[in-house]
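Here is a short briefing on one protein chain. Keep the sequence and the 3D view side by side as you read.

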Amino acid sequence: MKTLDSSAFFMRQALAASRLALPHCLPNPPVGCVLVSRGTIVARGHTQPPGHCHAEAHALSQLATASDLEAFVTLEPCSFHGRTPSCAQALIDFGIRRVNVAMIDPHPLNQGRGIEMMRRAGIEVRIGIEQALVARFISPHLDIDPRYQSLKCCQEFS
C-alpha cells in the first residue's frame, strides 16, 4: 500500500499532466491522470480536445497491458457516455486495482456515479488526495452553479 507521501506525489504528477490540457480541452475540464505500477509511473494522460480522449483514456492508450495498476486522477472519472465513452468503465475494463481521485466531479451526470461504478466492480477508490491543491487549479474550469453546486446544463460536455 502506498504511503500518504507517495500518494500525494503521484497526485501532484497527475495535476502537472492536467496543466498540459489547457487551452485545447475547453470547454471540458483540464483533467490529469497518471498510472502507476509497483511504485513507478508507467503512463500519463490529460484531457484532449473535445471529442477526443479524456485523461484516463489518454493514459490507458499508452499501455498494451500492465499488472497491478493504480490510477491517480485529478477529477472523478466520468460515468456516462457522451462524445467519448465512460472513463470509469474504461478503468474497470482495463483491470485497474485502485483509483485515487482528488475531487468528485460536480457534473450533474456524474456526482459520485463514476466512483460508485468502480466500487461495484471491485476497484478500491480513495477520494480527496491533494484535493485543495487540485481544486485551486481545476475549479475555475468547472463553471459551478453555486445554487446547486453542479455544472450548468446549458454547456455541452463529453
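The points below go from the whole chain to single residues.

This is a predicted model, in which local features need pLDDT of at least 70, side-chain atom pairs count only at pLDDT 80 or more, and totals for chains, interfaces and linings use all residues. Residues are numbered from 1 along each chain as its sequence is written, and side-chain values use heavy atoms, with hydrogens and water left out.

**Overall build**

- The protein has 5 helices and 7 strands. Helices (H or I, at least four residues) and strands (E, at least two) are DSSP runs, numbered from the N terminus.
- Along the sequence the pattern reads α-β-β-α-β-α-β-α-β-α-β-β.
- Of the 158 residues, 49% are buried. Buried means under 20% relative accessible area, exposed means over 50%, and partly exposed lies in between (1.4 Å probe, protein chains only).
- The accessible surface is about 7,400 Å², and carbon and sulfur atoms hold 55% of that surface. Such areas come from the Shrake-Rupley method with a 1.4 Å probe; for residues, only the protein chains shown count as cover.
- Take the contacts (heavy atoms within 4.5 Å). Among those with a separation of 6 or more, 71% join residues 24 or more positions apart.

- Cys33 sits in strand E1, residues 32-37. Cys33 counts as buried because its relative accessibility is 0%.
- Which residues does Cys33 contact, leaving aside neighbours within four places in sequence? The list is Ala14, Ala17, Ala43, Arg44, Gly45, Ala55, Glu56, Ala59, Phe72 and Val73.
- Cys33 and Ser18 are 15 residues apart along the chain, and their C-alpha atoms are separated by 7.4 Å.
- Glu70 belongs to strand E3, residues 69-75. Its relative accessible area is 0%, so Glu70 is buried.
- The side chains of Glu70 and Arg98 are joined by a polar contact of 3.1 Å. A polar contact is a pair of N or O atoms within 3.5 Å; within protein, one must be able to donate a hydrogen and the other to accept it, and residues adjacent in sequence count only if both atoms are side-chain atoms.

**Helix H5 and its two faces**

- Helix H5 spans residues 131-138, and its residues Val134, Phe137 and Ile138 are buried. They lie on the same side of H5 because they cover an arc of only 85° around the axis. The arc is that of the directions from the helix axis to the C-beta atoms.
- An α-helix has 3.6 residues a turn, so residues three or four places apart point the same way.
- Which exposed residues does the face of H5 turned away from its buried side carry? That face carries Ala132 and Arg136.

**Backbone exceptions**

- Most residues other than glycine have a negative phi, and most peptide bonds are trans.
- The peptide bond from Leu22 to Pro23 is cis, with omega near 0°. Pro23 lies in the loop between helix H1 (4-19) and E1.
- Leu26 and Pro27 are also joined by a cis peptide bond, with omega about 15°. Pro27 is in the loop between H1 and E1.
- Arg38 is not a glycine, yet its phi is positive, about 50°. Arg38 lies in the loop between E1 and strand E2 (40-46). Arg38 counts as exposed because its relative accessibility is 61%.
- Glu130 is not a glycine either, and has a positive phi of about 55°. Glu130 lies in the loop between strand E5 (124-127) and H5. With a relative accessible area of 24%, Glu130 is partly exposed.
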